[in-house]
Amino acid sequence: MSTPPKLSFVARYSLTLSVLVFLGAALLLPWVGAGTISLARVLRHQSPDYDILLQLRISRTLLALVAGGALSLAGTLFQAMLRDALATPYTLGISAGASLGAVAVIAAGWETFLGVPMTWIGALTGAFSVLVLVIGGAFRQRQISAFSLLLTGIAINSICAAFIIILSSFAGMSRSFSIARWLIGSIDATSYSSLGTLAAVALLASTLILTQARSWNLLAVGERWAASRGVRVASLLAQGYILGSILVAGAIALTGPIGFVGLIVPHLVRSRISPDHRILMPCSFFLGGALLALCDALGRVVMPPAELPAGAVLALIGGPYLVWVIRQRVPAEEI
Amino acid sequence: MSFLLEVEGVSFSYGSRSVLDSIAFSAKEGEFLALLGINGSGKSTLLDIISGFRKPETGVVSIGGRNQRQWKLREIAQQVSHLPQAIHADLPFTAEQLVAMGRYPHTDRWFESVEDHECVRAAMERTSCWTHRHRAFQSLSGGERQRVLLAACLAQNASTLLLDEPSTFLDIEQQLHCFNVLREEAHGGKLCIAATHDLNLALTYCTRLIVLSDGMVAHDVRTTQAQDNNDWLAVFSSRLNMGKTPAGAPWVWYQ
């Protein structure tokens, strides 16, 4: 008697639940904020309720959903690549590169180029410069390994952090404050065209990552394990790094470096739902988006009329959680 | 009878350090080869090359008479299953999920089919770990983990099994069980190659001993003839001697 393929049932159940949470966040959280919005006035297109909901609340909620999903999926991806549940988009230096690019632009006082915010251009340029440096540094003898990616990423992180400190020191009071504000990471209302671009990029990169979910399972066990089950490890690692970087760079360009969402959500889904990347990855995307949108909504209502940046709210939740994860962690042993 | 695996003139080096130098041997279905040699003799590297994980600098590996370079990695995975020496013990996957990964090279389905589950169950029952199927791999004991990993190799349903020190960290009973399963697989028509340091396990269960030394195949002897000329023992230590068990089987002992 065969074992029924339970995985499909678990997948369907948990995926459906994650999608419902994501959709629930998209429908409900725009209504949460310092001021109450009247549904009746919105339906009659009356200002200011209609404009606040449409131009501010919906766009920032959607931005949080997409950026949170992208960062969470990137965290899951990097954890599989490095076989470390504590790896995040920040571990491999991409976030530091994006931050350095954006900080350089803020320090220089550049604001827009052809209508596009220069922080976006700076963040994307920084992220992709790091991508080239890390991939180039990690390739040896036409091979690439997770370990060399990790070491190169750590080195790049330190270099970028040093440059950020130097730029902040010479930027002057006003620009230093802007740099500090950007580095916390926050969700602000954005244009629907920017949102559409991020959503399209995130959808494409996420789909390409998800189609290789079985290979991420194999890589999460080990490089030899994956190779002996038909995976071209070097190619997969390079693809993962590039696609993960695209997700992180796209999200960070619009939100700033928001931490922990790529750590908390994958860890929760892995331990509570399934470590199988066919389930873990889509669930992480949907729940990560919902968590960041929730943090942003909390930031709007905790100290009205002031708003706490979503990055700060997430750090307040994520910091203690990270300590808990480290305490729970059993040192890796090899058999 | 044609050879299932042919290794001809394979060389490999890590930077300037040569590890394998013109390795050559061939093996047929039904054989159980022990790959022997001291630490650093290139056993794991040779298994990596046969499994397709590493490319040889020179030489050719043929599987089923076809040059390995002509195979896609996935095609090799359908023919060759490899159990690496070190697998992280803190994997979050359940035992069943890990064994089911052995089915990946055989299907493009998003989730495993009923037939795949049958195959996974058969492999896990074969290595007596079916009862642990829902447990996380990291919660298993060393012996239980090794049974699960062996089941993952069996579930791959490959014609050649490569095992890198499969009995390390196992107690005597588990070691015997592991090698017994491999011998049965060989009797069933598969080719098994196990890198091991346990000479007595090799003499008891394997049909041939391939001894690597200085990057070359120093000795290639049938187990039944290993007693007649025990020069191969000198590769390991000058303190080794060979005797017989009360049952007449060869046995290596040290002074």
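Within chain A of this predicted model, mean pLDDT is lowest for strand 4 (residues 143-144), at 60, and highest for helix 13 (residues 277-301), at 93. Residues 1-5 of chain A have a pLDDT below 50, and this stretch makes 10 contacts in the model beyond near neighbours in sequence. For chain A as a whole the mean pLDDT is 83, with 91% of residues at 70 or more.

**Chain A: overall form**

- Chain A contains 14 helices and 4 strands.
- The radius of gyration of chain A is 20 Å, which agrees with the value near 20 Å that a compact globule of 335 residues would have.
- The C-alpha trace of chain A spans about 65 × 60 × 40 Å along its principal axes.
- Of the 335 residues in chain A, 51% count as buried.
- Taking the contacts in chain A between residues at least 6 apart in sequence, 77% join residues at least 24 apart.

**Nonpolar core**

- The largest nonpolar core holds 173 residues, and B:Val99 and B:Leu182 have the most contacts inside it.
- Helix 3 (residues 49-82) of chain A gives the most to this core, supplying 15 residues.
- Apart from neighbours within four places in sequence, B:Leu182 contacts B:Phe32, B:Leu161, B:Leu163, B:Cys192, B:Ala194 and B:Tyr205.

**Contact between the chains**

- On the chain B side 33 residues are in contact with 28 residues of chain A.
- Elements that each supply at least two residues to the side of chain B touching chain A are helix 1 (43-51), helix 2 (73-79), strand 6 (80-83), helix 4 (114-126) and helix 5 (142-155) of chain B.
- Helix 4 of chain B gives the most to that side, with 4 residues.
- The side of chain B that touches chain A divides by class into 17 nonpolar, 9 polar and 7 charged residues.

- Strand 3 (residues 32-36) of chain B has 5 of its 5 residues buried, so it is largely enclosed by the rest of the structure.
- B:Phe32, B:Ala34 and B:Leu36 point one way from strand 3 of chain B, while B:Leu33 and B:Leu35 point the other way; all are buried.
- Strand 3 of chain B runs parallel to strand 8 (residues 191-195) of chain B, and 4 bridges join them; B:Leu33 has B:Ile193 in strand 8 as its bridge partner.
- Strand 3 of chain B also runs parallel to strand 9 (residues 208-213) of chain B, again with 4 bridges; here B:Ala34 stands opposite B:Leu209.

**Chain B: open antiparallel sheet**

- An open sheet of 4 strands in chain B has the order 2-1-4-5, with antiparallel pairing.
- Strand 2 (17-27) and strand 5 (66-67) of chain B are the edge strands, each pairing on one side only.
- Strand 1 (residues 5-14) and strand 2 of chain B pair in the antiparallel sense over 7 bridges, and the bridge partner of B:Tyr14 in strand 2 is B:Arg17.

- Strand 11 and strand 12 (residues 250-254) of chain B run antiparallel and are joined by 5 bridges.

Notes: Residues numbered from 1 in each chain as written. Chains lettered and ligands numbered in written order. Predicted model: local features only at pLDDT ≥ 70, side-chain atom pairs only at ≥ 80, totals over all residues. Core = buried A, V, L, I, M, F, W, Y, C linked by C-beta atoms within 7 Å. Buried ≥ 20, exposed ≤ 12 C-beta atoms within 10 Å, placed from the backbone. Contact = placed C-beta atoms within 7 Å. Nonpolar A, V, L, I, M, F, W, Y, C, P; charged D, E, K, R; others polar. pLDDT = per-residue confidence, 0-100. Rg over C-alpha atoms; globule rule 2.2 N^0.38 Å. Pairing = 2+ DSSP bridges.
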